[in-house]
Amino acid sequence: MAVTTTAFATIRPVDCHFFGNPGALSDLPSTLAEMYARPDWMRDGLCHEYPQLDWFNTRQNKLTRVVCSQCLVQGECREYGVADPGLVGMWGGLSDQHRHDERRARRGRRAA
Ligand code: SF4
């Protein structure tokens, strides 16, 4: 049980952002499974330095967008966010709507 306590102590708000679900902590078994399965690049995300920002509210996203623009793993994060329509919040500097638009644009390019 001590391991579980330690693992939860390391979960910060921004970690939940990477789970793609603001309510992820209500489903702790799958949250832990996702935490250990997530890609290595997530450890290098600059958002870890800014847990005070709201990474889910993509309507007021100027500050999070600036952080993403300086992030070394922005490309990986953007592709990850675009690839999964179920994710919410800011991913690679793109809001939910911008990722939706990007998926639609890519489908259009493939169909052309
Ligand atoms: S691009 Fe933005 S959301 Fe993605 S890891 Fe970097 S700071 Fe975090």
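Helices (H or I, at least four residues) and strands (E, at least two) are DSSP runs, numbered from the N terminus. With that in hand, select L53, which sits in the loop between α3 (28-37) and α4. The model is predicted: local features need pLDDT of at least 70, side-chain atom pairs count only at pLDDT 80 or more, and totals for chains, interfaces and linings use all residues. Residue numbers start from 1 along each chain as its sequence is written.

**Stop 1**

Is L53 buried, exposed or partly exposed? A residue is buried if 20 or more other C-beta atoms lie within 10 Å of its own, exposed if 12 or fewer, and partly exposed in between, with C-beta atoms placed from the backbone. L53 has 19 other C-beta atoms within 10 Å, so it is partly exposed. Two residues are in contact if their C-beta atoms, placed from the backbone, lie within 7 Å. Not counting residues up to four places away in sequence, L53 touches L63, T64 and V67.

Next select P39, in the loop between α3 and α4. P39 is exposed, because 11 other C-beta atoms lie within 10 Å. From P39 to C77 is 38 residues in sequence, and 9.8 Å in space, C-alpha to C-alpha.

**Stop 1**

**Stop 2: helix α5**

Which residues of α5 are buried? They are C77, G81 and V82. These residues cover an arc of only 130° around the axis, which puts them on the same side of α5; the arc is that of the directions from the helix axis to the C-beta atoms. On the face of α5 turned away from its buried side, find the exposed residues G75 and A83. Helix α6 is included in what covers the buried residues of α5.

**Stop 4**

Select residues 96-111, which form α6. The expected span of a helix is 1.5 Å times one less than its number of residues. Helix α6 is hardly covered, with one buried residue among its 16.

Then select L94. Leaving aside neighbours within four places in sequence, L94 is in contact with R78, G81, R99 and E102.

**Last view: the chain**

Show the whole protein chain, which has six helices and zero strands. Of its 112 residues, 19% count as buried.
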